[in-house]
Amino acid sequence: MRGDEVALRIHFTRDDLLRVSLGDGVHPLHETVLSLRVLQRSRPGAVYGSWQRWARRRVPHSVHPLRALVPPHGGCPDFLTPPTLDAYDVDVGVDALLHTPKQVLRSELREFTQYTGKSLPSWAGSLAEGCPQTLEAVGGALRDWHRTAIAPMQPHLRDRTEAARSSAARILLGEGLDALLSRLHPTLRWTPPVLELARPDVDGDLRLRGRGLRLIPSLFCGRAPVVQPTADVPLLMFPVCDDVIWTPEGEPDARDGAPGRTAAALLGPTRAMVLLGIAEEHGPTTTELARRTGVSQPTVSHHTTVLRDSGLISTHRSGTRAYHLLTPLGARLVGQDRGQTSGRRAVDP
């Protein structure tokens with residue numbers, strides 16, 4: 001990070017360091033809002049391009065007004081993603097949104113217009129006044145967009161975020177918090193007791209003041225982490241995606257395959273053995289796969305590259321190690337080959 005770059009500086013106290021935690025999984029309401037930003041970008045990039053084309057054909061009419069509150073770049077009002085006791089249930093999150101105090105709605109909408117420099121549509125006035133019908137419309141739109149764009153991808157979201165979370169947990173347990181914060185993402189720089197997030201649009205400080213920080217893996221936050229500072233426990237969502245994301249239409253229809261032959265017939269016996277090894281161990285490394293299959297590490301690396309390019313596995317790197325996880329398509333293929341029990345084991349948390 002160059003000295004002339006602006007950044008969001010997150011300041012830790014001793015109590016904050018004791019309260020750093022890893023989220024249990026993806027936050028569906030956050031992913032819903034973040035994905036709406038990606039939907040509107042004129043240049044989504046290679047990672048999100050296929051998903052954007054898939055999603056743009058399915059936007060419900062109720063969702064269009066939300067674009068005024070969720071622009072393609074920059075922030076959006078925090079009341080759209082309220083802190084809740086059960087952040088992993090989209091309905092609980094929407095219910096919390098419907099009970100947002102009027103003063104919070106007014107304050108965040110005012111700050112949002114000042115930040116963006118754009119006027120809001122007329123219906124935003126009734127939203128600022130806490131109009132129940134307008135709040136219901138916003139909550140309903142979020143539910144509609146989640147059902148359309150996020151729910152069909154839930155197995156993929158779970159796989160990607162679980163791989164990132166497992167990798168982060170291994171670093172935390174094996175090397176400590178200092179190593180985790182130092183290697184969490186390239187746009188972050190850890191200079192104890194300050195974590196700097198390089199942001200071209202922000203030059204400020206966030207003091208945690210003993211609240212700690214929760215680290216959440218995210219598929220749709222883009223190329224840099226996203227911070228929600230107003231929660232009781234501030235959140236830092238960090239990217240987990242660096243290759244093209246899976247979309248539901250890319251998965252073939254399920255068809256019954258002959259047990260014991262499907263994977264080997266499609267992939268060859270050695271590559272099928274590597275895929276089945278990934279199914280048996282959640283997030284194995286290349287070294288662990290080589291030990292399990294009796295195949296050399298270079299050969300395993302070659303096969304995992306082919307499996308990844310075919311959309312059957314995803315790979316998350318941490319330092320010199322690579323952790324492999326089934327994609328929904330890979331789990332389906334393994335389920336055909338080994339029965340439904342193994343298929344569920346591969347994709348369920």
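Arg209 is exposed, with a relative accessible area of 65%; exposed means over 50% relative accessible area, buried under 20%, and partly exposed in between, for a 1.4 Å probe and protein chains only. This residue has a positive phi of about 55 degrees, although it is not a glycine. Arg209 is placed in the loop between strand E5 (204-207) and strand E6 (213-218). Strands (E, at least two residues) and helices (H or I, at least four) are DSSP runs numbered from the N terminus.

The model is predicted: local features need pLDDT of at least 70, side-chain atom pairs count only at pLDDT 80 or more, and totals for chains, interfaces and linings use all residues. Residues are numbered from 1 along each chain as its sequence is written, and side-chain values use heavy atoms, with hydrogens and water left out.

Another loop, between strand E3 (188-191) and strand E4 (194-198), contains Pro193. The peptide bond from Pro192 to Pro193 is cis, with omega near 5 degrees.

In soluble globular proteins, nonpolar side chains tend to be buried together. A nonpolar core is a set of buried Ala, Val, Leu, Ile, Met, Phe, Trp, Tyr and Cys residues joined through side-chain atoms within 4.5 Å. Two such cores are set out below.

| Core | Residues in core | Named members |
|---|---|---|
| Largest | 71 residues | Trp51, Phe220 and Leu236, with the most contacts inside it |
| Second, separate | 18 residues | Leu275, Leu289, Ile313 and Ala331 among them |

Leaving aside residues up to four places away in sequence, Leu236 touches residues including Ile10, Leu184, Arg214 and Pro225, where contact means heavy atoms within 4.5 Å. Trp51 is one of the buried residues of helix H3 (residues 45-56), among which are also Val47, Tyr48 and Trp54. The cover over the buried residues of H3 includes helix H2 (28-40) and H7.

The structure also holds 2 cavities of 30 Å³ or more. On a 1 Å grid over the protein atoms alone, a cavity is a set of points where a 1.4 Å probe fits but cannot get out, and lining residues have an atom within 4 Å of a point. The second largest cavity has about 40 Å³ of space. Helix H8 (154-175) and strand E10 (321-326) each give two or more residues to its lining, and H8 gives the most, with 5 residues. Among the lining residues are Glu162, Arg170, His282 and Tyr323.

How values were computed:
1 Å grid on protein atoms, 1.4 Å probe; cavity = no way out; pocket = protein on both sides within 12 Å on 5 of 7 lines; lining within 4 Å. Points joined across faces, edges and corners; volume = space filled by probe spheres on them.
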